[in-house]
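Dear colleague,

Please find below the structure that I am handing over to you, together with its sequence. My notes on it follow.

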Amino acid sequence: MMLEEIRSPEDLKALDPAQFPALAEEIRQFLIEKVSEHGGHLASNLGVVELTMALHLALNLPEDKIVWDVGHQSYTHKLLSGRREDFESLREYGGMSGFPKRRESEFDSFDTGHSSTSISAGLGLVEARDRLHEDYTVVSVIGDGALSGGMAYEALNNASRLKSNFIIILNDNHMSISESTGGFSKYLSKIRVGSGYNNLKRDVSRGLSKVPGVGEPLVENIVRAKMALKQFMVPGMFFENLDITYVGPMDGHNIPEMVRILEEAKKFERPILIHVKTKKGKGYIPAERYPVKFHGVGPFCIETGKSVEEKKGISYTEAFSHTICRLAEKDDKIVAVTAAMPEGTGLKKFAALYPDRLFDVGIAEEHAVTFAAGMAAGGLKPVVAVYSSFLQRAYDQMLHDVCLQKLPVVFAIDRAGLVGCDGETHQGIFDLSYLRSMPGMAVFAPMNKYELRNGLEFGIQAGVPFAVRYPRGTAYSGLKEYQDPIELGKSEVIYRGGEIALLSVGSMMETAVQVHGKLKESGISATLINVRFVKPMDKELLDDLAKTHGCLVTMEENVICGGYGEAVSSYIHERGYGAKVLKAAVPDTFVEHGPVDILKRDLGLDADSIFQRIKNEYIRKES
Ligand SMILES: Cc1ncc(C[n+]2csc(CCOP(=O)(O)OP(=O)(O)O)c2C)c(N)n1
Ligand SMILES: CC(=O)[C@@H](O)[C@H](O)COP(=O)(O)O
Ligand SMILES: [Mg+2]
């Protein structure tokens with residue numbers, strides 16, 4: 001096993017290049033094995049094995065810096081930078097993250113997780129390098145999917161003025177999570193097939209460099225002089241016209257060729273974009289065949305590629321999926337928007353049934369929201385289905401383009417709450433806070449799959465900006481009999497008790513029912529409220545509860561700052577009620593990766609912890 005001997009880029013550099021293909025094969029087997037055990041982002045990682053090896057060979061790591069866009073493809077980088085043993089705890093609680101983390105290794109130069117940030121961050125590093133008179137190479141690696149995100153273009157626009165070295169690698173596997181969509185993806189496809197000119201340029205450049213007395217500046221001049229001709233010969237002019245030298249497309253699986261080009265690229269005194277073609281899932285047949293499934297996958301059987309996780313019931317995503325399809329059948333004004341997540345958000349079925357009413361806008365959450373606002377202004381009923389953490393990007397668009405004009409856009413906010421193994425960058429624990437701050441936004445959190453269905457139907461007809469937020473994973477199916485008609489801003493009373501009132505937001509209901517049971521066992525019959533609307537808040541009910549209960553316990557899978565608990569607490573305080581408010585929420589911190597049940601326990605959001613808190617902070621004090 002060569003892999004066991006490689007603890008740093010120096011060990012890789014010591015190998016005979018003839019050994020590279022065998023090492024790439026070992027890396028692939030290793031990744032397949034580890035991801036089959038722990039889950040993770042397999043297909044993207046299998047696609048960049050050679051590209052990563054080439055980067056480690058051509059660069060001087062860790063002094064040189066690689067910024068991985070999204071970061072889901074950084075496994076080989078982790079493996080080759082001394083973290084092989086850490087794969088035993090990949091994405092586990094307390095273990096190695098599936099994304100680059102500066103605190104994890106000096107080889108990780110910038111934390112990522114959300115898409116399309118790498119060129120901005122890389123450019124920032126370049127600026128710091130130059131101003132501080134340091135000397136290292138910065139490489140940003142961005143995928144074709146990530147290049148659909150607006151930030152990438154803002155960064156290219158800014159990089160255009162640069163007069164020093166900055167390498168951008170465009171890793172083009174012709175896939176986002178699903179098929180890449182949009183005009184730029186088509187543009188890349190055209191470049192991909194028309195490789196002639198760049199081969200010509202490369203050959204000219206290579207040939208001239210070898211002629212004694214003809215140095216780099218002259219080579220560059222000659223290459224530049226061919227620009228006018230090039231306008232007619234290749235479709236790769238977008239980058240060149242921004243003064244970003246374009247090279248490619250090249251075979252990203254050809255290590256010697258990649259190393260050679262990188263060595264050349266390091267000498268350029270301006271930004272240079274190297275366009276490489278790779279195959280997503282390469283080397284594992286199920287992943288090559290089903291790159292969407294193996295983009296991000298749970299534990300699976302290597303032989304069959306089949307998941308080994310048991311399906312427990314329908315997920316909230318599936319409940320959303322069925323409902324929007326059913327509603328769309330009756331109302332052709334309903335349209336759906338996704339920012340490159342048709343599978344994850346459950347819109348695949350909608351796309352199949354209503355292809356011309358589904359808009360996959362690419363990784364462009366900001367655009368998705370304003371685009372939906374426009375459609376709403378024109379009389380359609382748009383539903384924007386998006387993950388909670390990615391919607392953070394579109395705060396201003398929700399505020400400025402939707403709420404300010406009171407436009408009836410529905411936000412189907414999936415992965416709201418703890419998501420688990422993707423960790424810090426992906427936990428959906430801020431949406432209640434950012435949504436609550438928006439005037440006119442209705443914020444609805446269904447307690448189970450039935451209420452998600454009813455809430456979505458209500459939201460689409462409500463005629464106001466309307467957010468429905470629900471978590472990742474199996475939907476709670478308890479309390480089916482509690483389906484009071486939904487009223488804007490009204491909560492639902494599940495059980496009437498006395499002394500203690502549990503106010504549960506959305507998916508916390510399963511836990512709240514357990515806490516209610518534990519209190520009952522201790523002889524306390526508590527009131528249980530299904531909050532439903534975090535905004536508008538049911539003040540009438542709060543007045544009633546505060547007058548009749550000594551303690552209100554709020555429960556939410558959201559950070560404490562700006563969450564429902566704080567809203568209740570400040571209301572109770574303002575009105576001068578004496579009731580105590582206990583807030584069970586995520587503390588003011590980022591939450592690392594790990595299984596959701598462990599994280600909840602750790603954060604004090606499981607039934608035992610909440611029950612103990614009630615005992616310690618209220619019951620004992622009162623008795
Ligand atoms: C802001 C944001 N929106 C959505 C995502 C979800 N996401 C993660 S990877 C990905 C596709 C990236 O495609 P590409 O850059 O081509 O990389 P590949 O997986 O093909 O290697 C998407 C949509 C994200 N990470 N960040
Ligand atoms: C890297 C990334 O952002 C996505 O692939 C994300 O991991 C998807 O999460 P789900 O598995 O919850 O769909
Ligand atoms: Mg891609």
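At least three residues from domain 1 (3-194 + 238-285) and at least three from domain 3 (316-469) contribute to the shell around ligand 2. Please bear in mind throughout that this is a predicted model.

**The two ligand shells**

The shell around ligand 2 consists of His41, Val70, His72, Ile177, His295, Gly296, Gly344, Arg415, Val419, Asp422 and Arg472. By residue class, this shell has 3 nonpolar, 5 polar and 3 charged members.

Ligand 1 is surrounded by 24 residues, and the closest are Ser44, Ser115, Gly143, Gly145 and Ala146. Its shell divides into 9 nonpolar, 11 polar and 4 charged residues. Domain 1 (3-194 + 238-285) and domain 3 (316-469) each supply at least three residues to the shell around ligand 1.

**Domains and the contact between two of them**

The domain assignment lists domain 1 (3-194 + 238-285), domain 2 (195-234), domain 3 (316-469) and domain 4 (492-622). Between the C-alpha centres of domain 1 and domain 3 the distance is 32 Å. Where these two domains meet, 19 residues of domain 1 are in contact with 17 residues of domain 3. On the domain 1 side of this contact, the residues divide into 3 nonpolar, 15 polar and 1 charged.

**Annotated binding sites**

An unreviewed UniProt entry carries a "binding site" annotation that covers Asp144 and Asn173. These positions span 30 residues in sequence, yet no two of their C-alpha atoms are more than 6.9 Å apart, so they gather at one spot.

Aspartate 144 is placed in the loop between strand 2 (138-143) and helix 7 (150-159). Asparagine 173, in turn, occupies the loop between strand 3 (166-172) and helix 8 (183-193). Is aspartate 144 buried or exposed? Aspartate 144 has 23 other C-beta atoms within 10 Å, and the threshold for a buried residue is 20 or more, so aspartate 144 is buried. Asparagine 173 is likewise buried, with 23 other C-beta atoms within 10 Å.

Beyond its neighbours within four places in sequence, aspartate 144 is in contact with Leu170, Asp172, Asn173, His174, Ser180, Ser185 and Leu188. Under the same exclusion of residues up to four places away, asparagine 173 touches Gly47, Asp144, Thr278, Lys279 and Lys280.

A further "binding site" annotation from the unreviewed UniProt entry covers His72, Gly113, His114, Ser115, Gly145, Ala146, Asn173, Tyr284 and Glu365. These positions are spread over 294 residues of sequence and also in space, with up to 31.8 Å between C-alpha atoms.

Two members of this set may be described in more detail. Histidine 72 is found in the loop between strand 1 (65-68) and helix 5 (75-80), and histidine 72 is buried, with 24 other C-beta atoms within 10 Å. Apart from residues within four places in sequence, histidine 72 is in contact with His41, Ser44, Gly98 and Phe99. Histidine 72 is also one of the residues around ligand 2.

Tyrosine 284 lies in the loop between strand 5 (271-277) and helix 14 (285-289). Its count of 20 C-beta neighbours inside 10 Å makes tyrosine 284 buried. Leaving aside neighbours within four places in sequence, tyrosine 284 is in contact with Arg28, Ile32 and Leu46.

**The nonpolar core**

The largest nonpolar core has 172 residues, and Ala368, Val384, Val468 and Leu502 are those with the most contacts inside it. Helix 4 (residues 49-58) provides the largest share of this core, 7 residues. Which residues does valine 384 contact, leaving aside its neighbours within four places in sequence? Valine 384 is in contact with Val337, Ala368, Val369, Ala372, Val409, Phe411 and Ala412.

**Asparagine 454**

Lastly, asparagine 454 belongs to helix 21 (residues 449-462). With 19 other C-beta atoms within 10 Å, asparagine 454 is partly exposed. Not counting residues up to four places away in sequence, asparagine 454 touches Gln483 and Ile486. The C-alpha atom of asparagine 454 is separated by 49 Å from that of valine 139, a residue 315 places away along the chain.

With kind regards

Note on methods: Residues are numbered from 1 along each chain as its sequence is written. Chains are lettered from A and ligands numbered from 1 in the order in which they are written. This is a predicted model: local features need pLDDT of at least 70, side-chain atom pairs count only at pLDDT 80 or more; totals for chains, interfaces and linings use all residues. UniProt positions are given in the numbering used here, feature names are shortened, and annotations may be inferred rather than shown by experiment. Helices (H or I, at least four residues) and strands (E, at least two) are DSSP runs, numbered from the N terminus. A residue is buried if 20 or more other C-beta atoms lie within 10 Å of its own, exposed if 12 or fewer, and partly exposed in between; C-beta atoms are placed from the backbone. Two residues are in contact if their C-beta atoms, placed from the backbone, lie within 7 Å. A residue is near a molecule or strand if its C-beta atom, placed from the backbone, lies within 6 Å of it. Ala, Val, Leu, Ile, Met, Phe, Trp, Tyr, Cys and Pro count as nonpolar, Asp, Glu, Lys and Arg as charged, and the others, Gly among them, as polar. Domain bounds come from an automatic or database domain assignment. A nonpolar core is a set of buried Ala, Val, Leu, Ile, Met, Phe, Trp, Tyr and Cys residues joined through C-beta atoms within 7 Å.
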